[in-house]
Amino acid sequence: MLTLAPGETTLAMLEQLWRENLPARLADTARPAVEAAADQVRQAAEGGEAVYGVNTGFGKLASVKIAPSDTQTLQRNLILSHCCGVGDPLDAATTRLMMALKLLSLGRGASGVRWAVIATIEAMLERGVTPVVPVQGSVGASGDLAPLAHMTAAMIGQGEAFFADERMSGADALAAAGINAITLGPKEGLALINGTQFSTALALANLFEGWRLAQASLVISCLSTDAIMGSTAPLGAEIHALRGQPGQIAVAHAMRDLMAGSAIRESHRDGDTRVQDPYCIRCQPQVLGAAVDLLRFAASTLEREANAVTDNPLVTARGIVSGGNFHAEPVAFAADIIALGLAEIGAIAQRRVALIVDPTLSFDLPPFLTPEPGLNSGLMIAEVTTAALMSENKHLANPCATDSTPTSANQEDHVSMSAHGARRLGRMVDNLAVILGIEALCAAQGVGFRAPLETSPRLRAVLADLRNVSPALAGDRYLAPDIEAATRRVRDGALIAAAGLDFSL
């Protein structure tokens, strides 16, 4: 059980929750502020003054006053009418992360919900009730309305949820878990569906995966450098200090450490007729380092957003006030930045794959890394696959935040498209993992041809791990399982662990 402190929860805690399927609860210190705000909303609901979202309609219907006796119906209708999501369900881990983010937002004590609402979410996380949340339907302004409505529907005994690996009605899931469906009070439905938690959860999940891939790229690029007998001179600390970019400096430092003790490298320090390596080898610190800086910038934005209050209206010391914190522009920008980083990590990795399989550039490696080229095609088409995936990621990296469209009868006339921007990152992560898996296979094959010379001790550990799932290629064989196995070792962090790399976000 993770205890989350609103306003202070770290990305490391959220990644642990996401990866390990952990339940979560709010720190008890959050309760006084939550209950004080709920009391303020209750008083407003009983008063005669129109307060948006408490005793009025929503969006374009904000001018319609609602009688106190209809408050519960108003909130229930809001949830049911907004359950308009379509597409496949969001995966369980990211749905649970979204629910934890909603806890953090409500726990700041500015949303006006009763503690019972928070307790319901906590119970669902603890007992494994996961709402069915379709992934399409949010434009990322007024919050992620449709996805969060589907989450809330399960809380009130409507919609659908997963429980014990079965999909069932929300009512049945709650009953099976021994949780009472909640009846929403004033503003509670609006507080639950306003917010950026769907977009933020998706962006965070792909940030976590993308960072792991960035680390894998660092390791594999070192193996590729030895495979083509590339120079480590461009990794010199003095070069990178003169530019001063922190990601570049950190990547070059890590690469120097990973390649230390390579007999392959020592064998061609003198007498090598090549003056400079191609950019995909020589400029890895500059390119991956820039991507690292982007990912870290996005991480800082998303960590703040994870702890933010993003519904509307907000309960403050000067009353209940309407604002626009539900607009997910920061998340949309963060998703676009992550997309740029992922695309460029894949682009330079693909060029290394092309370099290693090309005998005119690979410093005497056999064509397509096969001992008998002609009779065998070796890794020829594996390189083509990386080109296809690289191209797809380039298209997917186009910005989403600039693609606003007006909605809700022009009341919501500028939207962020954060949900779409964050969701597309999943495809990019999948593609990049395969590119890196294939690069690992090519680099390992190339290093094998340098025998009896060996790579560095840390990279030999990486090779050993990879060879446990994919033996060296002799003659042609059915390669799909090898690519799948190598991709899995990239995604699960095994190659990073084998290298002993500790490169924190």
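Which residues line the second largest cavity? In this predicted model, the lining is made up of Thr225, Ser231, Thr232, Pro234, Leu235, Met255, Ile281 and Arg282.

**The cavities**
- The largest cavity holds about 70 Å³ of space.
- Around the largest cavity sit Leu379, Leu441, Gln445, Arg467, Ser470, Pro471, Ala472, Leu473, Arg477, Leu479 and Asp482.
- Sorted by class, the lining of the largest cavity comes out as 6 nonpolar, 2 polar and 3 charged residues.
- The second largest cavity comes in at about 40 Å³, and its lining has 4 nonpolar, 3 polar and 1 charged residues.

- Ser470 sits in the loop between helix H18 (457-467) and helix H19 (480-491).
- Ser470 counts as buried because its relative accessibility is 2%, where the cut-off for buried is under 20%.
- The side chain of Ser470 makes a polar contact of 2.7 Å with the side chain of Asp482.
- Beyond its neighbours within four places in sequence, Ser470 touches Leu441, Arg477 and Asp482; Leu441, Arg477 and Asp482 also show up in the lining of the largest cavity.

**The E6–E7 hairpin**
- Strands E6 (residues 160-163) and E7 (residues 166-169) pair antiparallel, with 4 bridges.
- Across the pairing, Phe162 faces Arg167 in E7.
- The hairpin leaves 2 residues between the strands, and Ala164 has a positive phi near 50°.

Notes
Residues are numbered from 1 along each chain as its sequence is written. This is a predicted model: local features need pLDDT of at least 70, side-chain atom pairs count only at pLDDT 80 or more; totals for chains, interfaces and linings use all residues. Side-chain values use heavy atoms; hydrogens and water are left out. Buried means under 20% relative accessible area, exposed over 50%, partly exposed in between (1.4 Å probe, protein chains only). A polar contact is a pair of N or O atoms within 3.5 Å; within protein, one must be able to donate a hydrogen and the other to accept it, and residues adjacent in sequence count only if both atoms are side-chain atoms. Contact means heavy atoms within 4.5 Å. Two strands pair if DSSP finds at least two bridges between them. On a 1 Å grid over the protein atoms alone, a cavity is a set of points where a 1.4 Å probe fits but cannot get out, and a pocket is an open set with protein on both sides within 12 Å along at least five of seven lines; lining residues have an atom within 4 Å of a point. Grid points are joined across faces, edges and corners, and a volume is the space filled by probe spheres set on the points. Ala, Val, Leu, Ile, Met, Phe, Trp, Tyr, Cys and Pro count as nonpolar, Asp, Glu, Lys and Arg as charged, and the others, Gly among them, as polar.
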